[in-house]
Amino acid sequence: MIDLTKLKSDEEYRNGALAKGVAVDVIDELISCSVERSGAIQETEAKRSEANAMAKEIGSSSAEDRPAKIEAASKVKQELSQLEESLAEVEKRFHSLMLQVPNPAHSSVPHGDEDAFRTETEVGEQTPARKSHGEIGEELGLVDTKRAVRMSGSRFAYVMREAARMQFGLVQWVLDKLDSHGFDPVVTPVAVREEMMELAGFFPTDKNQVYKLEGDDLYLIGTSEVALAGLHRQEQLSADELPLRYAGYSSCFRREAGTYGKDTAGLFRVHQFDKVEMFVYAHPDNSWEELERIRGIQEEIVSELGLPYRVITCASRDLGDATSKKYDLEAWLPSEQRYREITSCSNYTDFSARRMNTSMKTEAGNQLVHTLNGTACAIGRTLLFIFENHQNDDGSITVPEVLRPYCGGIDVIRPKGS
RNA sequence: GGAGAGAUGGCAGAGCGGACGAUUGCGUCAGUCUUGAAAACUGUUGAGGCUUCACGGCCUCCGGGGGUUCGAAUCCCCCUCUCUCCGCCA
């Protein structure tokens, strides 16, 4: 949810919202509706106060006075119900307008559609085209999608042998790295209630991307962000314990509706994958530094794995509702000769915290915290970038040095039996 | 999965239709006493919102949502969660 006070008074904030593509009319309507709402609340509460006072008086009046007083109170109560009804109508309108206004884009975000992104940095040499990770994965017996299809349908995979070792190696390595940056590891629930999905901002927009558990009113998370965002719901944190940094590990489930025919081979886009996610509850004064810090960690991870990459700042209309600014880190994918997203990080400022009601105590009263999130390592995707960028002429794959101690010392993955 | 019990302020725990936003104890904070501390005593102590220059006033909140009533922590319905016993299980 947006900050209404700021929307009314802060020009830059308002422009940031407009940059995301909301109509001016919606903002103006919201503001006028909010005025109407305050009036209706005051009117209703005054009437309620009257009704309360009358009811209280009845308790202490004599038996003969009661009937007349009860009748008078009934009348006031009726008036109250009418006011309540019209208030409910205004509230409803107000909330639907509130939902239509996204978190304003930060002033440093380039305006425009998806392709209006800004490249921040480009690191490493672009690896020449070779076998796709799908081919090489099947050849080396690391990934089996054919049998997975038979078992579960398309977009599922068996990750096997050295790749399975690397999966756990990556997780361990990343958790160690994040530990040194002050992140506490958390294994989150993967199934959550509908309410959580709404509060985390995934419903209703992404409802068709989410698996529902039949019979239990639970949904499988598409990212541990959902579970981490809810960790401090309705809590007042103290300013000096911030920032709280979490490294969430979970399996993630995505229906990938509407992506028919896209990235069908291999591990790039699958229904189920494991991911280590960074999630930070930050002091509002520091959240932008925190975003840079997260981006720095992401660059560190990708560099140490020896992957060529670039970082882009996403354009305003490419941002989700909650996001004020987002960096995508895109690694080089040799088989497609282009950069593809490997991680991303966002600052939600107070947008999500307002909905979750996560605040901190200060002398000036309660203040909402800022929340940020970023991928530390999406395992499947990271593996495939490693496969493609580190494949050798003889068809083998060199394991990045940093990972070797975490994978039982495997340095090169060779075809079975060679 | 079966059977039962419960959810009230930081915690414990009363209240079962009108003087209850809530007895009391512990804890908190302040004071008295003390060289200081402890003990004892006295007082203090929930949250959110609206309004006011301010003093203050008002509204909402007793797990969540609905209902009955002039009036609900208290009565009725639905939901969620917790605990105990049995079963099952990693």
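The model is predicted: local features need pLDDT of at least 70 and side-chain atom pairs count only at pLDDT 80 or more, while totals for chains, interfaces and linings use all residues. Residues are numbered from 1 along each chain as its sequence is written, and chains are lettered from A and ligands numbered from 1 in the order in which they are written.

Chain A has 12 helices and 18 strands, which are DSSP runs numbered from the N terminus (helices: H or I, at least four residues; strands: E, at least two). Its C-alpha trace spans about 105 × 45 × 40 Å along the principal axes.

Helices H7 (residues 161-180) and H12 (residues 379-389) pack at about 115 degrees, with axes 10 Å apart. Axes are lines fitted to C-alpha atoms over the stretch in contact, and angles run from 0 to 180 degrees between N-to-C directions. Contact requires C-beta atoms, placed from the backbone, within 7 Å.

| Helix | Residues in the contact |
|---|---|
| H7 | Ala163, Met166, Gln167, Leu170, Val171 |
| H12 | Ile379, Thr382, Leu383 |

RNA strand B is surrounded by 16 residues, with Ser49, Ala55, Ile58, Gly59 and Ala73 the closest; a residue is near the strand if its C-beta atom, placed from the backbone, lies within 6 Å of it. Helices H3 (24-59) and H4 (66-100) each give two or more residues to this surface, and H3 gives the most, with 11 residues.

Definitions and conventions. Two residues are in contact if their C-beta atoms, placed from the backbone, lie within 7 Å.
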